[in-house]
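Here is a short briefing to read beside the sequence and the model. Points are grouped by topic.

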Amino acid sequence: MQWNIQALVKRFNGKLFNSGYELLDDHHVDHLCTLTAGKPGGIGFLHHPKYSVELYQTQASLVLVPEDFRPTQPAAAILMGVAHPYRCFALLMEEINHSRMDAKVGVELPAYMGQQVVIGANSYRGAFSYIGNHVVIGDNVKIYPQVYIGDHVTIGSDTLLYSGVKVADYTVIGRRCILYPGAVIGSGGFGFFTNADQSYQRIPSIGNVVLADDVEIGANATVDAATIGQTSIGQGTKIDNLVQVAHNVEIGKHTGIAAQAGIAGSTKIGAYCRLGGQIGIAGHLELGDQVTALGRAGITRSFKKGQVTLSGTPAFEHSKFLACYAQFKKFASSRRKDI
Amino acid sequence: MQWNIQALVKRFNGKLFNSGYELLDDHHVDHLCTLTAGKPGGIGFLHHPKYSVELYQTQASLVLVPEDFRPTQPAAAILMGVAHPYRCFALLMEEINHSRMDAKVGVELPAYMGQQVVIGANSYRGAFSYIGNHVVIGDNVKIYPQVYIGDHVTIGSDTLLYSGVKVADYTVIGRRCILYPGAVIGSGGFGFFTNADQSYQRIPSIGNVVLADDVEIGANATVDAATIGQTSIGQGTKIDNLVQVAHNVEIGKHTGIAAQAGIAGSTKIGAYCRLGGQIGIAGHLELGDQVTALGRAGITRSFKKGQVTLSGTPAFEHSKFLACYAQFKKFASSRRKDI
Amino acid sequence: MQWNIQALVKRFNGKLFNSGYELLDDHHVDHLCTLTAGKPGGIGFLHHPKYSVELYQTQASLVLVPEDFRPTQPAAAILMGVAHPYRCFALLMEEINHSRMDAKVGVELPAYMGQQVVIGANSYRGAFSYIGNHVVIGDNVKIYPQVYIGDHVTIGSDTLLYSGVKVADYTVIGRRCILYPGAVIGSGGFGFFTNADQSYQRIPSIGNVVLADDVEIGANATVDAATIGQTSIGQGTKIDNLVQVAHNVEIGKHTGIAAQAGIAGSTKIGAYCRLGGQIGIAGHLELGDQVTALGRAGITRSFKKGQVTLSGTPAFEHSKFLACYAQFKKFASSRRKDI
């Protein structure tokens with residue numbers, strides 16, 4: 001890929017710092033780079049002034065810097081001030097991603113497709129991918145090698161399913177979703193009756209999973225089908241690697257859940273929540289909108305909508321938790337006292 | 001599917017509440033539903049009287065209710081009192097599941113099969129499934145697409161292996177087991193010698209995994225092969241998604257282990273234990289029968305057979321943990337005191 | 001396999017205890033076993049004198065014992081004193097493993113291979129394995145069935161990729177690495193901008209993952225690609241099942257990370273660290289060399305190089321944690337006091 005520097009100035013409403021350069025119309029950059037690994041032709045960005053040493057040493061040709069940044073040393077690179085260097089840079093990253101994806105079109109053989117399957121235009125089916133019966137797939141959907149899609153599944157346009165994703169029968173997936181490698185959508189829920197002899201009698205899952213638009217599910221994460229009804233994940237919600245979402249869980253819009261978190265059965269989570277890595281939430285609870293749980297919190301009761309921030313197991317208000325923990329740590333030096 | 005209502009009355013020893021209905025011999029229901037999403041032809045159930053508002057509003061045709069339930073309002077649905085509404089309902093769910101499974105028969109091509117493989121009657125091998133050499137598979141085994149089965153594996157009758165399950169060489173799997181998508185059975189154990197230069201020397205695994213009858217292993221869960229000998233999971237034990245069972249672990253019968261739990265190497269767990277989500281158990285320990293560990297407990301010593309319930313890390317008796325934690329939480333208001 | 005006993009004496013610099021045996025030149029053992037499951041022809045080992053009862057009862061033909069061990073009862077087996085019985089035994093285990101691996105050569109059909117792929121001698125490609133374009137693979141690499149390898153990937157010689165491993169574009173893998181079933185290398189990182197409306201804007205990953213020589217990645221573990229630059233894992237580092245390594249993490253040489261641990265984005269971990277199961281490390285931290293974190297520790301700040309051992313969440317020095325926790329546990333009996 002190539003980006004004309006003059007065009008980038010216009011696009012990002014940028015301002016060039018090093019007027020000493022004679023910037024020709026055909027001056028361009030051709031790859032993205034970090035400042036430390038920068039090479040001629042590369043474009044990098046200065047995320048924070050504390051990295052400005054790297055800026056003055058980089059061999060990259062162009063660096064996006066905050067518009068209020070003022071260089072204190074000469075730099076070999078052309079510096080372009082923009083409102084949000086990282087966001088501008090991310091747009092270029094996204095262009096690269098898109099160009100890779102657009103190149104994935106057609107079918108690699110062998111690929112398996114059942115009966116009564118509808119697939120939209122511009123889609124990709126990788127080798128050894130499997131699509132069951134009665135499946136409807138939108139335009140521009142990319143199905144990587146070794147993906148499994150069961151029967152009666154619906155997938156919206158522009159959705160990506162990376163290698164080894166497994167989608168069980170009756171799952172509904174929205175548009176522009178991303179399912180990372182090995183994610184499992186719609187596995188059987190973990191629910192049992194206890195028999196008189198204390199053995200288990202499985203409660204089957206005949207419900208499904210519904211992912212709204214713009215949902216992302218991380219690598220090797222698991223989302224179980226509802227016993228009956230739906231396990232649902234709201235629009236724009238992002239779920240990281242190795243997260244467990246149990247049967248009949250409902251998650252609202254634009255919530256983020258970091259790696260290895262686990263949410264037990266039938267729990268409801270609101271919109272705009274931020275749940276840290278390795279948190280756990282017990283079953284049959286409700287978290288309102290905008291709840292934040294810091295990494296490893298263990299949530300054992302419901303919390304209402306609000307800006308509460310949780311820590312600890314069982315979890316409570318983070319600032320209080322820190323105060324308690326500070327006292328707890330003092331025990332080390334007072335351990336001979338009789339408390 | 002269709003269920004004749006008169007037949008259901010007999011089967012579940014049920015009692016119809018709404019005698020105003022004239023129930024004809026050919027009156028039937030044809031799908032399962034929740035009360036809130038109920039539609040004509042549907043059968044639902046009332047799990048708990050607190051949901052009785054849903055009962056009076058549902059459009060389902062038939063609702064299973066507790067036999068001692070007395071409606072306080074008219075309901076459009078036919079109400080059938082039964083001893084255990086959810087269990088009766090689950091039997092119908094299981095019928096649906098079975099009918100889906102029974103339809104899976106034969107081989108989808110391409111599928112790979114090694115030499116000296118024996119497969120029983122009525123089995124299914126999905127496309128891109130792989131079976132190595134010297135494998136013995138019982139009747140009615142369903143091998144979904146993209147399953148991997150190594151050499152010298154034995155699988156009992158009526159076992160299900162969902163898509164992307166991986167079964168390593170020499171694994172033994174019982175009858176009526178369910179392996180959910182992406183589960184890995186028999187991966188190499190995590191054991192090393194430390195060399196003089198502090199690098200690691202792997203201890204290979206030449207043992208195997210033995211799953212007894214009626215075992216379930218959740219999606220993307222991992223069970224490592226024994227270094228030598230067996231990693232074994234007893235009859236009827238159910239393991240949830242993303243659980244780690246390390247090399248040489250032995251688990252008894254009818255134990256339940258919830259999602260993301262982890263059991264380190266060579267630990268022995270008894271029968272009828274209940275281990276919550278995200279618990280961890282250190283290596284070389286023993287838990288007796290009927291031990292309960294609540295979610296996120298971190299178990300660092302052995303516990304004998306008994307009705308102990310564990311919490312915290314390191315874990316101890318739950319009721320004591322709660323008392324300690326209640327005191328811990330008071331520190332927030334006393335943090336300026338000198339303890 | 002067969003091992004001549006006289007040859008083993010020489011190889012391990014061993015000493016036979018039971019001089020009553022007339023050891024013939026063609027005396028050999030032909031399989032490895034535990035003492036309890038020992039059968040004629042088997043070779044076992046005595047790990048610790050506390051298991052010596054098993055030694056006197058075993059039916060194995062040959063047992064490796066510590067060279068300073070003195071039998072107090074007659075044993076049916078030939079006893080061979082060696083410096084490190086388990087290490088010697090593990091060498092024989094490794095031989096078995098190698099012989100299994102050496103037998104894996106050639107291509108099982110169908111297997112998919114893109115354009116401009118170079119594969120070394122003596123390699124194996126299992127059925128339904130997928131290799132993209134512009135891939136370079138060294139000698140003796142074993143690619144099990146259903147492995148996915150994206151474009152522009154490099155894999156060093158003698159590396160094993162077990163079934164269902166997924167390797168994303170641009171990944172670099174060293175020599176003698178082992179990737180266990182279902183491991184995902186190079187998935188997209190979990191990084192987002194928050195838009196003005198509180199929805200998320202993904203930051204794409206255009207970096208990659210670099211695994212040095214002798215790295216092992218456990219079953220269903222996930223290692224995310226760098227946003228830009230590299231997520232890197234140093235030589236000889238061993239990572240267990242279901243571990244999460246986030247984008248831009250850097251891990252030094254010969255570090256061990258046990259199952260279900262999670263390391264958040266951009267954190268740097270030194271060499272020779274020992275990180276227990278289910279530990280969590282927050283993002284943008286630095287752990288120096290030789291840091292030990294016990295199982296379930298939650299690390300929320302950086303720690304310098306040194307022999308520190310961490311416990312708790314937030315984690316601090318283990319011995320202090322134990323002292324604090326001992327006091328915490330006393331609250332159960334003092335809970336009516338006003339602290």
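Predicted model: local features only at pLDDT ≥ 70, side-chain atom pairs only at ≥ 80, totals over all residues.

**Relation between copies**

**Where chain B touches chain C**
- This contact involves 45 residues of chain B and 45 residues of chain C.
- On the chain B side, the elements that give two or more residues are β21 (184–187), β22 (192–194) and α4 (318–330) of chain B.
- α4(B) makes the largest share of that side, with seven residues.
- By residue class, the chain B side holds 24 nonpolar, 18 polar and three charged residues.

**Where chain A touches chain C**
- Here 45 residues come from chain A and 46 residues from chain C.
- On the chain A side, α3 (85–102) and α4 (318–330) of chain A each supply at least two residues.
- α3(A) gives the most to that side, with six residues.
- The chain A side divides into 21 nonpolar, 16 polar and eight charged residues.

**A:V243, a residue in a loop**
- A:V243 sits in the loop that links β28 (238–239) and β29 (244–245) of chain A.
- Is A:V243 buried or exposed? A:V243 counts as buried because it has 30 C-beta neighbours inside 10 Å.
- Beyond its neighbours within four places in sequence, A:V243 is in contact with A:G218, A:A221, A:I257, A:A259, A:Q260 and A:A261.
- A:Q116 is 127 residues from A:V243 along the chain, and their C-alpha atoms are separated by 33 Å.

**The 12-strand sheet of chain B**
- Chain B has an open sheet of 12 strands with mixed pairing. The strand order is β8-β11-β14-β17-β20-β25-β28-β31-β34-β37-β39-β40.
- Which strands form the edges of this sheet? The edge strands are β8 (106–107) and β40 (316–317) of chain B, and each pairs on one side only.
- Within the order, β14 (residues 142–143) and β17 (residues 160–161) of chain B pair in the parallel sense over two bridges.
- B:I143 stands opposite B:L161, which lies in β17(B).
- Strands of a sheet pair through backbone hydrogen bonds, either parallel or antiparallel.

- Strand β24 covers residues 208–211 of chain B. B:N208 and B:V210 point one way, while B:V209 and B:L211 point the other way. All of these residues are buried.
- Strand β19 (residues 172–173) of chain B runs parallel to β24(B), joined by two bridges. B:I173 has B:L211 of β24(B) as its bridge partner.
- Strand β27 (residues 230–233) of chain B also runs parallel to β24(B), joined by four bridges. B:V210 stands opposite B:S232 in β27(B).

How values were computed. Residues numbered from 1 in each chain as written. Chains lettered and ligands numbered in written order. Contact = placed C-beta atoms within 7 Å. Nonpolar A, V, L, I, M, F, W, Y, C, P; charged D, E, K, R; others polar. Buried ≥ 20, exposed ≤ 12 C-beta atoms within 10 Å, placed from the backbone. Pairing = 2+ DSSP bridges.
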